[in-house]
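Biologist: I have a model open on my screen and would like to learn how to read it. Could you walk me through it?

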Amino acid sequence: MIVAARSEYGSFRDSLRAPIHRWFTYPAGYSYKFVEAKLDEHGLTKGATVGDPFLGTGTTSVTAKTLGVNSVGVEAHSFVHWVATTKIFFDHDLIKLSTTIAETVERAKALAQRVEWSDIWPPLVYKCFTDENLKALAALRQTIMELNTEANTRDFLKLALTATLRIVTTAGAGWPYIAPGKYHARKVTRDALAEFQAKCDTMIGDLQQLRRANIPASQHRVILGDAREFDSYVDEESLDLIVTSPPYLNNYDYADRTRLETYFWGIYDSWAQISQEVRERLLMAATTQVKIASMNGTRACPGIRQADRQIHEELSKIIHELARMRSMKPGKKTYDYVVAGYFEDMLKVLTSARNTLKPGAKFVLVLGDSAPYGIHVPTEELVGKLAIAVGFSGYQVEKLRTRGRKWGNNSQRHKVPLRESILTISK
Ligand SMILES: C[S@@+](CC[C@H](N)C(=O)[O-])C[C@H]1O[C@@H](n2cnc3c(N)ncnc32)[C@H](O)[C@@H]1O
């Protein structure tokens, strides 16, 4: 059944203006208003616990914390996980923190005149900033790393500097992938030191605002792990609700979304390294993750065949059609492998999440359908049916919005209407 979704769910843009949520712009993130609405709808108050197996930068946990609800979240991308961990810590000594920020800016200002900056990053970073800002950013980075301070303070400053990167870039910041050559350079250059200071001020202001709100204490766990093994981190039948947004089946490469940031901090310096340390650990959702040699078994969807013959048959038809299209199309995109891998992975997520929910509790997912090579894949319906196959009692789909309109004029693109939906599964 499909029902119309409600307007109080808001959009991703709400999180760009809200305290704490605005500390880092992660376009894969969803609206904190949506989480608030779901916690309210399902009656979660102090003492209850919400889970999120695809935590991203922590929208679910931060929202829960501002309402005094406990949370447990899992995220597989270590940098994204770090962002969530940093956002969920509200207990800074704000006076000490303000002093440290002021000292950091002063030291960085002086250091910028003599800092080593010309050969410290991969080329991508140099294409994204003016020389003046590269010196300031190098000086801020070095100053923060050399600070003799607590880990939480350093993380706060690191996150403020991380967020500053997209504010001061001249590369037109084409999210999610920064491709400096492809975008018109920005005309206005913003000063990195001033923007870093402004970002820190906003973040401190958010913490002051929350302190005045006297929020009841709650417990939060932010785990670096795999949603397919959610029940290995979370106690059996301990959750009152799961609210999440898994990767969509839309060929988006989550591993690449924070490339600029991870290159800047020296965490990664190449595509190969990101593949090995992040891409290969994520839920299958993009052709850049496919390794044909090791996936032939997966393409037959053995897990799904075992779970439900009818769903397996429906999915196999789609996969065969995609394989046929691949052989005809010049790009030879391996969507057949992606689709098979995606549903095999989602089957594991569903099985594992079910174990963590209390009897009768709901598993709420924001999901999009897709149409690789113009072949429609009704993702929400298929995931809903798979949920029943692994023992959930029912599911409902609410339409949130229509997707893909921005591609309307592209003659290369399919014309299948796509949507984003809320899938609510009942244990
Ligand atoms: C749509 S985003 C979720 C964003 C989140 N709701 C927020 O507001 O920030 C999906 C997230 O799932 C993560 N992810 C992908 N595969 C995963 C896996 N196997 N286990 C846990 N997280 C995974 C991605 O790195 C990405 O951050």
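Predicted model: local features only at pLDDT ≥ 70, side-chain atom pairs only at ≥ 80, totals over all residues.

Biologist: Into which domains is the protein divided?

Modeller: Domain bounds come from an automatic or database domain assignment. Here, domain 1 covers 2-82 + 225-426 and domain 2 covers 94-212. Their C-alpha centres lie 31 Å apart.

Biologist: How many residues of domain 1 are in contact with domain 2?

Modeller: Two residues are in contact if their C-beta atoms, placed from the backbone, lie within 7 Å. By that rule, 15 residues of domain 1 touch 18 residues of domain 2. On the domain 1 side, helix α10 (residues 259-264) gives the largest share, five residues. Helices are DSSP runs (H or I, at least four residues), numbered from the N terminus.

Biologist: And how do I read two packed helices?

Modeller: Two packed helices are described by the angle between their axes and the distance between the axes. Axes are lines fitted to C-alpha atoms, for helices over the stretch in contact, and angles run from 0 to 180 degrees between N-to-C directions. Take helix α14 (residues 309-328) and helix α15 (residues 335-356): their axes come within 7 Å and cross at roughly 155 degrees. That makes the two roughly antiparallel; angles under 35 degrees count as roughly parallel, over 145 as roughly antiparallel, 65 to 115 as roughly perpendicular and the rest as oblique. Among the contact residues are Leu315 and Ile318 of α14, and Val339 and Phe343 of α15. The contact has nine nonpolar, no polar and two charged residues. In this count, Ala, Val, Leu, Ile, Met, Phe, Trp, Tyr, Cys and Pro are nonpolar, Asp, Glu, Lys and Arg are charged, and the others, Gly among them, are polar.

Biologist: At what angle do α5 and helix α9 pack?

Modeller: About 175 degrees, with the axes of α5 and α9 (residues 192-212) 11 Å apart. The pair is therefore roughly antiparallel. Ile101 and Val105 of α5 are among the contact residues, as are Cys200 and Ile204 of α9.

Biologist: What about α5 and α7: at what angle do they pack?

Modeller: Helix α5 (residues 94-111) and helix α7 (residues 131-146) pack at about 130 degrees, with axes 8 Å apart, and are therefore oblique to each other. In α5, Thr104, Arg107, Ala108 and Leu111 meet residues of α7 including Ala136 and Leu140.

Biologist: Finally, how many residues surround the ligand?

Modeller: A residue is near a molecule if its C-beta atom, placed from the backbone, lies within 6 Å of it. Here 23 residues surround the ligand, with Gly29, Phe54, Gly56, Thr59 and Ala227 the closest. The shell has 14 nonpolar, six polar and three charged residues.

How values were computed:
Residues numbered from 1 in each chain as written.
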